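Please inspect the entry below before turning to the notes.

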Amino acid sequence: MISKIKEKISIIGPGAIITASFIGPGTVTTATRAGAGFGFALLWAVVFSIFATIVLQEMVARIGIVTKQGLGENIRDLFDNVILKFAAVWIVMIAVCVGCAAYISGDLLGTSLGVSYLTDIPENFVAPVIGLIILAIGLSGSYKIIEKIMIVLIAIMSVTFLTTMIVSASDIGAILQGAFIPGIPNGSIVMIIALIGTTVVPYNFFIHASTVSEKWNSTDGLKASRTDTILTITIGGIITAAILITAGALIEGREVTNVVELAAPLEPLMGAFAPLFISIGLFAAGLSSAIASPMGAAVTVSSFMGWKGGFDNTKYKIVFGSVISLGIITSAIGFEPLEVLLFAQALNGLILPIIAIIIMVVINRKNFMGRHVNPLWLNIIGWAVAAVVSFLGIYSLVDAVGTFL
């Protein structure tokens with residue numbers, strides 16, 4: 001029994017990085033607001049988002065292991081037409097990098113919020129220090145270090161947010177109904193899209209396709225990779241659901257801006273530990289996402305440019321260092337312009353449908369995947385997920401453009 005548990009734990013790796021990446025300040029805040037605004041009614045959106053993420057990320061991981069290339073290299077090899085190749089490469093690469101750069105300041109400030117809440121040290125003092133720590137982690141060039149950090153952060157988030165859920169939630173029937181019976185309450189469509197959009201993240205496709213090669217070097221690792229993906233992303237979904245359930249149980253009907261507002265309602269149940277649990281959970285969520293943003297940009301550029309050497313490549317480190325340095329500076333001065341964030345949202349809305357469709361095309365190319373192409377049943381599920389994700393991306397694009405106008 002113990003040996004089987006150890007074997008399962010040893011499998012965990014790239015999937016944990018993806019999970020830790022999408023549970024950032026954005027997901028935590030969105031889940032809190034969804035629970036506060038609609039109780040348990042939108043839990044089904046969390047369930048769907050995790051299902052969609054598992055489907056797409058499993059395909060991406062399979063592409064990485066079978067082709068021994070990153071997603072960017074596969075996209076580049078997909079097109080024979082020079083113009084199409086140039087457009088696909090540069091549109092996707094620029095969009096991902098702009099998105100990572102636009103959100104890094106918010107990731108660092110979100111991480112610092114947990115520390116600031118407990119210590120009263122201003123967020124713009126804490127955030128740059130966290131950024132410097134992340135810079136040192138990235139420049140170490142070690143995949144193993146990042147993998148271990150992300151696994152620890154997932155464990156911390158699991159303990160903190162599941163504990164708050166267990167002590168606060170009581171209506172199991174309403175929770176199960178919200179999770180498995182879809183409903184769209186009045187005014188909830190934007191929140192549903194946000195819940196799914198913060199989980200299905202474009203740069204995570206590039207991270208996953210590249211990091212699986214660091215863990216497994218042959219198709220013998222496909223089964224382990226699939227287990228890693230399903231297990232860790234499911235845990236991520238449980239964490240997101242736990243945050244929503246806690247908010248739904250404690251602060252339904254209130255206007256909230258972030259998860260820190262759960263601390264006061266938790267105090268009658270957890271006493272002095274309530275602020276500590278919330279702060280630690282928020283810190284872990286922010287740190288994991290703040291590590292993933294510069295890594296997403298660096299991996300995407302490396303993959304499209306065909307840079308070898310993985311995390312230890314000097315050019316990879318330059319991209320990683322540039323993005324996190326931008327975050328250090330902007331978080332220190334509190335610079336987070338709405339126009340840049342909306343532009344990043346628009347670009348991500350544009351590329352999400354493109355990448356989802358490309359994943360489905362690549363995974364079915366026998367000259368790329370050999371006997372590891374999708375079976376018919378998985379193609380049906382995959383195209384359905386790609387269609388929903390594409391709709392969300394287009395909605396996000398239209399919404400961002402509409403805000404600009």
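The notes that follow treat confidence, helices, the nonpolar core, selected residues, backbone angles and cysteines.

The model is predicted. Its chain has an average pLDDT of 87, and 94% of the residues score at least 70. The largest nonpolar core has 134 residues, and the count of disulfides is zero.

**Confidence**

- Within the chain, the lowest confidence falls in helix H1 (residues 2-11), with a mean of 66.
- The highest confidence belongs to H4, at 95.
- Where pLDDT is low, predicted coordinates should not be read in detail.

- Helix H8 covers residues 143-168, which amounts to 26 residues.
- From the first C-alpha to the last, H8 reaches 37 Å, close to the expected 38 Å at 1.5 Å a residue.
- The N-terminal end of H8 is capped by Ser-142, which places a side-chain oxygen 3.4 Å from the backbone nitrogen of Lys-144.
- Lys-144 itself lies in H8 and is partly exposed, its relative accessible area being 42%.
- Between the C-alpha atoms of Lys-144 and Gly-24 the separation is 21 Å, and the two residues are 120 residues apart along the chain.

**The largest nonpolar core and helix H14**

- Ile-134, Phe-205, Phe-206 and Met-295 touch the most other members of the largest nonpolar core.
- The most residues in this core come from helix H14 (residues 273-305), which gives 16.
- Apart from neighbours within four places in sequence, the contacts of Ile-134 are Leu-108, Leu-287, Ala-290, Ile-291, Pro-294, Phe-320 and Ile-324.
- In soluble globular proteins, nonpolar side chains tend to be buried together.
- Ser-288 also lies in helix H14, and Ser-288 counts as buried because its relative accessibility is 0%, where the cut-off is under 20%.
- When residues up to four places away in sequence are not counted, Ser-288 touches Ala-20, Ser-21, Ile-23, Met-150, Leu-153 and Met-157.

- Thr-67 lies in helix H4 (residues 43-67) and counts as buried at 17% relative accessibility.
- The side chain of Thr-67 reaches the backbone oxygen of Ile-63 at 2.6 Å.
- A second polar contact of Thr-67, 3.1 Å in length, joins its side chain to that of Asn-74.
- Beyond the neighbours within four places in sequence, Thr-67 is in contact with Asn-74, Phe-368 and Met-369.
- Helix H5 (residues 71-78) is mostly covered, as six of its eight residues are buried.
- Those buried residues of H5 are Leu-71, Gly-72, Glu-73, Asn-74, Ile-75 and Leu-78.
- Lys-366 lies in helix H17 (residues 366-369) and is exposed, with a relative accessible area of 63%.
- Lys-366 and Ile-11 are 355 residues apart along the chain, and their C-alpha atoms are separated by 27 Å.

**Positive phi angles**

- Most residues other than glycine have a negative phi.
- Lys-68, which is not a glycine, has a positive phi near 60 degrees.
- Lys-68 is placed in the loop between H4 and H5 and counts as exposed at 54% relative accessibility.
- Asp-120, likewise not a glycine, has a positive phi of about 65 degrees.
- The position of Asp-120 is the loop between helix H6 (82-119) and helix H7 (123-139).
- At 69% relative accessibility, Asp-120 counts as exposed.

- Cys-100 is in no disulfide, and its nearest cysteine sulfur is that of Cys-97 at 6.4 Å.
- Cys-100 counts as buried, with 0% relative accessibility.

Technical notes
Residues numbered from 1 in each chain as written. Predicted model: local features only at pLDDT ≥ 70, side-chain atom pairs only at ≥ 80, totals over all residues. Heavy atoms only, no water. Helix = DSSP H or I, 4+ residues; strand = E, 2+ residues; numbered from the N terminus. Expected span 1.5 Å × (residues − 1). Polar contact = N/O pair within 3.5 Å; in protein donor to acceptor, adjacent residues only side chain to side chain. Core = buried A, V, L, I, M, F, W, Y, C linked by side-chain atoms within 4.5 Å. Buried < 20%, exposed > 50% of the residue type's maximum accessible area, 1.4 Å probe, protein only. Contact = heavy atoms within 4.5 Å. Disulfide = S-S within 2.5 Å. pLDDT = per-residue confidence, 0-100.
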